[in-house]
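Welcome! Let us take a short walk through one protein model, with the sequence and the 3D view beside you as you read.

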Amino acid sequence: MNLDYIVREPEHITPDTSVLFMLHGYGSNEQDLFSFRETLPQDWIIVSFRAPGSTQFEGYSWYDINFNNPDEFINVPQATGSLNSVLESILKIINHYGITQGKTHLCGFSQGGILCYALALQYPEMFNLVACLSSYPEEKLMPAIVKDKKKLEKLRFFVSHGTDDAVIPLEWGRKAADLLYDLSCYFTFREYMSGHGVNQKNYMDLMDFFSK
């Protein structure tokens, strides 16, 4: 499935141009994370996807959530379908712009961050900087997690979570630090005095991560 998306193009695009793909959270849309573009590197292509599923209040989702049943918290077939659509769309966009040497980055919030973990840890050779905000690594979406340190070594993760997150518990977010440590990945894990969102300090640290 071809995903809808919005894009900010730099003045000059070469085979060395870097591209950042953004995946919003449940009930949001492609405009959400795209608001970060003003403070992201000006020479990057910024692509923000819209999830394929619909929610109330004109929002979108990558998959349905069942808050009443922890064992079926995520709809795995829908999530897997979304993952495949994101991967397919990323490859098409990179090919469209003729990017052969540039770096490919990911940034996802909540559901979007969950998909970013699944993409980066199953296709690590494709990505470089990966920001996962207010999310967690979902084992059900990573049947083929890569454990080869050589393939994982160019990944850099920025992981953030609110201490008062009532949607995705902080303990779930902390699982990321354990997993990334076990895989010997380079990562920064930060907790902020906030709920399910990105506060000012979190935002500044995120921009610092992407500016390096």
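## A loop residue and a strand

Asn 128 sits in the loop that lies between α3 (111–122) and β7 (129–133). Please keep in mind that the model you are looking at is predicted. Is Asn 128 buried or exposed? With a relative accessible area of 13%, Asn 128 is buried, because the cut-off for that word is under 20%.

What does Asn 128 touch? Leaving aside residues up to four places away in sequence, Asn 128 is in contact with Lys 103, Thr 104, His 105, Lys 154, Leu 155 and Arg 156.

In strand β6, Thr 104 is the bridge partner of Val 19. So which strands pair with β2 (residues 19–23)? The table shows them.

| Strand paired with β2 | Direction | Bridges | A bridge pair |
|---|---|---|---|
| β3 (residues 45–49) | parallel | 5 bridges | Phe 21 with Val 47 |
| β6 (residues 104–109) | parallel | 5 bridges | Val 19 with Thr 104 |

Now look at the two faces of β2. On one side are Val 19, Phe 21 and Leu 23, on the other are Leu 20 and Met 22, and all of them are buried. Because 5 of the 5 residues of β2 are buried, the strand is largely enclosed by the rest of the structure.

Definitions and conventions
Residues are numbered from 1 along each chain as its sequence is written. This is a predicted model: local features need pLDDT of at least 70, side-chain atom pairs count only at pLDDT 80 or more; totals for chains, interfaces and linings use all residues. Side-chain values use heavy atoms; hydrogens and water are left out. Buried means under 20% relative accessible area, exposed over 50%, partly exposed in between (1.4 Å probe, protein chains only). Helices (H or I, at least four residues) and strands (E, at least two) are DSSP runs, numbered from the N terminus. Two strands pair if DSSP finds at least two bridges between them. Contact means heavy atoms within 4.5 Å.
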